[in-house]
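Please look over the sequence and the structure first.

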Amino acid sequence: MVAQEPPPTQEPAPAKEPAPAKEPAPIKRKRLDLEEEVTVIVGSTKTHFTVPKCFLTKSSEFFKVCCNGTWKEAKSKTVELPEYGVYIFTVYLQWLRNHRKRLAYRQYPPHLALAIFADSLGDTTFGNAVIDAILRLRDNTNALPRIGCIKELFIRLPKSAGLRRLWVDRVVTSADPEGLVQDKDVMLRCPEMVFEMMLKAMKIRNGEPCEPPTFKQRCKYHEHNDKVPKCA
Ligand SMILES: [Zn+2]
């Protein structure tokens, strides 16, 4: 018996490539982003704020990592900020909702707490807005924070912080010597601050220009990087 050759097999038809997934329409995507919300629990009172994720991640490196990374906060969509006051977070939220423009608060202690908050959040744009608010207030009232308030900045903020430089410039260019004598005890508790003041005074003696800080020179005290371009 002669074995019959098997009939030639047909070439299988080439599989159709799956159609590429359609990108959602931009408007729809925007709505989805706005709908994605994060719960922020603030302060010792554990006050809950429900905030669109796209607001929180706009310029804060901390929230970007928290909400988008592999942290448990990204899964639970809950972030806790126990060490900050409700008032501070409310000011930040208002600034976010106001398209991250002008801050209009007229008290120094909140400003200084806001500067520390901005640093903790890694929000350079917000930190610069706080500097602007302090300088506007300075231009309008000729006042800057008292040393008792500013000491905290030298403990909590990095050496490069604009607010530290702003305060040192203010003291060496326009502080009243009698006022400094009155503040002696506070200054001695913060040797870093005294050192920076002495260093600046020596630089000025050697010819480095330095004027009392004003809003016009605000960019001198800002922080800028590849995500926060220099002011126009
Ligand atoms: Zn600037």
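The model is a predicted one. Its secondary structure amounts to 12 helices and 3 strands. Of the 232 residues in the protein, 25% are buried.

**Overall make-up**

- Contacts between residues at least 6 apart in sequence can be sorted by their separation along the chain, and 65% of them join residues at least 24 apart.
- The strands include β1, at residues 37–42, and β2, at residues 47–52, as well as β3, at residues 78–81.

**Helix α3**

- Helix α3 covers residues 61–68, and its buried residues are Phe63, Cys66 and Cys67.
- Looking down the axis of α3, these buried residues fall within an arc of 85°, so they line one face of the helix.

**Helix α9**

- Helix α9 runs over residues 162–174 and has 13 residues.
- From its first C-alpha to its last, α9 reaches 18 Å, which is close to the 18 Å expected at 1.5 Å a residue.
- The buried residues of α9 are Gly162, Leu163, Arg164, Leu166, Trp167, Val168, Asp169, Val171 and Val172.

**The pair α9 and α12**

- In general, two packed helices are described by the angle between their axes and the distance between the axes.
- Helix α12 covers residues 191–205; α9 packs against α12 at an angle of about 60°, with the axes 9 Å apart.
- That angle makes α9 oblique to α12.
- On the α9 side, the contact is made by Arg164, Val168, Asp169, Val171 and Val172.
- On the α12 side, the contact residues are Glu196, Met197, Lys200, Ala201 and Ile204.
- The crossing of the helices α9 and α12 is right-handed.
- The α9 residues in this contact, including Arg164 and Val168, are also listed among the buried residues of α9.

- Val79 is part of strand β3.
- Val79 counts as buried because it has 20 C-beta neighbours inside 10 Å, and the cut-off for a buried residue is 20 or more.
- Leaving aside residues up to four places away in sequence, Val79 touches Val38, Val40, Cys66 and Glu73.
- Val79 and Cys66 are 13 residues apart along the chain, and their C-alpha atoms are separated by 7.5 Å.
- Cys66, one of the residues that Val79 touches, is itself one of the buried residues of α3.
- Val91 belongs to helix α5, which covers residues 86–97.
- Val91 has 22 C-beta neighbours inside 10 Å and therefore counts as buried.
- Between Val91 and Pro110 there are 9.3 Å from C-alpha to C-alpha, and the two are 19 residues apart in sequence.

- Most residues other than glycine have a negative phi.
- Lys46 is a residue other than glycine with a positive phi, near 55°.
- Lys46 lies in the loop between β1 and β2.
- Lys46 is exposed because it has 10 other C-beta atoms within 10 Å, and a residue with 12 or fewer counts as exposed.
- Lys77 also is not a glycine, and its phi is positive at about 55°.
- Lys77 sits in the loop between α4, at residues 72–76, and β3.
- Lys77 has 15 C-beta neighbours inside 10 Å, so it counts as partly exposed.

Terms used. Residues are numbered from 1 along each chain as its sequence is written. This is a predicted model: local features need pLDDT of at least 70, side-chain atom pairs count only at pLDDT 80 or more; totals for chains, interfaces and linings use all residues. Helices (H or I, at least four residues) and strands (E, at least two) are DSSP runs, numbered from the N terminus. The arc is that of the directions from the helix axis to the C-beta atoms. The expected span of a helix is 1.5 Å times one less than its number of residues. Two residues are in contact if their C-beta atoms, placed from the backbone, lie within 7 Å. Axes are lines fitted to C-alpha atoms, for helices over the stretch in contact, and angles run from 0 to 180 degrees between N-to-C directions. Angles under 35 degrees count as roughly parallel, over 145 as roughly antiparallel, 65 to 115 as roughly perpendicular and the rest as oblique. A crossing is left-handed if the near helix is turned anticlockwise from the far one by less than a right angle, and right-handed if clockwise.
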